[in-house]
Amino acid sequence: MTPEDPGQQTRRPSGGLNLKRFTSPGKGSWANVSNADWNDWRWQLKNRLTSLGQIQPLLKLTPQETAGIQLSGQKLATGITPYFFNLVEPGDPDGPIRRQVIPRIEEMDTAPWEMSDPCGEDSHSPVPGLVHRYPDRVLLLVTDRCASYCRYCTRSRLVSGAGDHDFHPNIEGALDYIRRHTEVRDVLISGGDPLLLSDEKLDWLLGRLRTIEHVEFLRIGSRIPIFLPQRITPELCAMLRRHHPLWMSIHTNHPRECTVEMREACARLSDAGIPLGNQSVLLHHVNDTPAIMKALLQKLLMMRVRPYYIYQCDLIAGSAHLRSSIARGLEVMESLRGHTTGYAVPQYVIDAPGGGGKVPVNPEYVIYRDHERVVIRNYEGKVFEYPEPQLDGPPPISSRPAPLEEVESPAREA
Ligand code: SF4
């Protein structure tokens, strides 16, 4: 391989930080813990860091973080697995991993336009734990617990048990609703994190859903491969594969989350025939630059994970310090299309505040359009014209516009 080889270049450190390399965070402060315990997901859960007293001896906190952790019990609890904590940047309070899981006092500031339920899920819930917002699919919330808590969580009103939301899903009622609503062909199981349920409980739930004839397709939304990859055991994968077609949406925000452990967990899921898609949230000082986002998306492909969505961060109360701008999101998207593999380009969406559903937002590639032609620009800024087929017969000659100057002939993407 020559130094000019592009494959070599992508693996070379960039600015001292090799974002594309898969590394393991190791045991860090838990060096004395046996490998058997460290690799046991139940041990990881039992030893989660949930309080100032546990975190302070391990990490030099800023005053904003100290106050944030102290107050987090009022809103969204603190919770970080030891495995994921070892990815937190000790010397950088603005580190991209640190910002996602270490609370800050800014979470207590709420702007007038921020909401506790920004996607309007509660108003589209016919049965506790079930959200029916789109015509042919439902969201089934099965637990309010996660392996670690993301400080920008859209469902912070209900996850972690810290808020005043009374989360008691009615699973039998939800199954009955799905059975009676024959238009529901797709069930997304989420929470909280459904992979925190035991294998037996998940097996039961997936099995019950599979008995409903019109349910064609099951999905699980989970951040477990990122926070607790030890949970993706061969036994779990063997159980999941009995319920195909089953897909999984995971949630990765930064290339450093893509560790050796996560790669192996994703490989076990893929080998069990589960297609993996990734959803990222655009977060300020985490992934709102073209270089970071591109490294993440390319690294996901290396793990057989297809980038699916980039979400504009919802208007969740107390998230202003983490939200990036739509202008930044568009800049990131512009840097992807045409500049990297099409499979690496997700859809950028805004979940319309208050419950309007996902709305795609894209850089503008259509410059002009009428019934005869569409003028477009490509990723290099070159302009092209595409003649519209005249399905109802050609327009009269006199009404045809003169050809645009400097318009190039169509080119195909390789
Ligand atoms: S894993 Fe998902 S549900 Fe849990 S805190 Fe993070 S974003 Fe919220």
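A residue is called buried if 20 or more other C-beta atoms lie within 10 Å of its own, exposed if 12 or fewer do, and partly exposed in between, with C-beta atoms placed from the backbone. The model shown in these views is predicted, so local features need pLDDT of at least 70 and side-chain atom pairs count only at pLDDT 80 or more, while totals for chains, interfaces and linings use all residues. Residues are numbered from 1 along each chain as its sequence is written.

View 1. S280 is buried, because 25 other C-beta atoms lie within 10 Å. Leaving out residues up to four places away in sequence, S280 touches T252, N253, N287, L296 and I310, a contact being a pair of residues whose C-beta atoms, placed from the backbone, lie within 7 Å. G207 stands 73 residues from S280 along the chain, and the C-alpha atoms of these two residues are separated by 29 Å.

**View 2. The open sheet of 9 strands.** The strands follow the order β1-β2-β3-β4-β5-β6-β7-β8-β9 with mixed pairing, two strands being paired if DSSP finds at least two bridges between them. At the edges stand β1 (130-134) and β9 (357-360), and each has a single partner strand, so one side of each is left without a neighbour in the sheet. Neighbouring strands are turned by 30 degrees against each other on average, direction ignored; the axes behind such angles are lines fitted to C-alpha atoms, for helices over the stretch in contact, and angles run from 0 to 180 degrees between N-to-C directions.

**View 3. Pairing of β5, β6 and β7, and of β8 with β9.** Strand β5 (residues 246-250) runs parallel to strand β6 (residues 276-282) and is joined to it by 3 bridges, with S249 having G277 as its bridge partner in β6. On to strand β7 (residues 305-312), β6 is again parallel, here through 7 bridges, and the bridge partner of G277 in β7 is R306. Strand β8 (residues 347-352), by contrast, pairs with β9 in the antiparallel sense over 4 bridges, among whose residues D351 has K358 as its bridge partner in β9.

**View 4. The open sheet of 3 strands.** Here the order is β10-β11-β12 and the pairing is antiparallel. The edge strands, β10 (366-369) and β12 (383-387), each pair on one side only, and the twist from one strand to the next averages 20 degrees. Between β10 and strand β11 (residues 373-377), which run antiparallel, there are 3 bridges, and R369 has V374 as its bridge partner in β11.

**View 5. The largest nonpolar core and the contacts of V138.** This core has 79 residues, and those with the most contacts inside it are V101, V138 and L140; a nonpolar core is a set of buried Ala, Val, Leu, Ile, Met, Phe, Trp, Tyr and Cys residues joined through C-beta atoms within 7 Å. Helix α13 (residues 290-302) gives the most to the core, with 6 residues. Apart from its neighbours within four places in sequence, V138 is in contact with L130, V131, H132, I178, V184 and V187.

**View 6. The ligand shell and the G191-G192 peptide bond.** Surrounding the ligand are C146, Y149, C150, C153, R155, V159, G191, G192, D193 and R223, a residue being near a molecule if its C-beta atom, placed from the backbone, lies within 6 Å of it. The shell comprises 5 nonpolar, 2 polar and 3 charged residues, where Ala, Val, Leu, Ile, Met, Phe, Trp, Tyr, Cys and Pro count as nonpolar, Asp, Glu, Lys and Arg as charged, and the others, Gly among them, as polar. G191 and G192 are joined by a cis peptide bond with omega of about 20 degrees, and G192 has its place in the loop between β3 (186-190) and α9 (199-210).

**View 7. Backbone features at P245, S160 and H285.** Most residues other than glycine have a negative phi, and most peptide bonds are trans. The peptide bond from H244 to P245 is cis, with omega near 0 degrees, and P245 is found in the loop between α11 (234-240) and β5. S160, in the loop between β2 (137-141) and α8 (171-180), has a positive phi near 85 degrees and is buried, with 24 other C-beta atoms within 10 Å. H285, in the loop between β6 and α13, likewise has a positive phi, of about 65 degrees, but counts as partly exposed because it has 15 C-beta neighbours inside 10 Å.

Terms used
Helix = DSSP H or I, 4+ residues; strand = E, 2+ residues; numbered from the N terminus. Contact = placed C-beta atoms within 7 Å.
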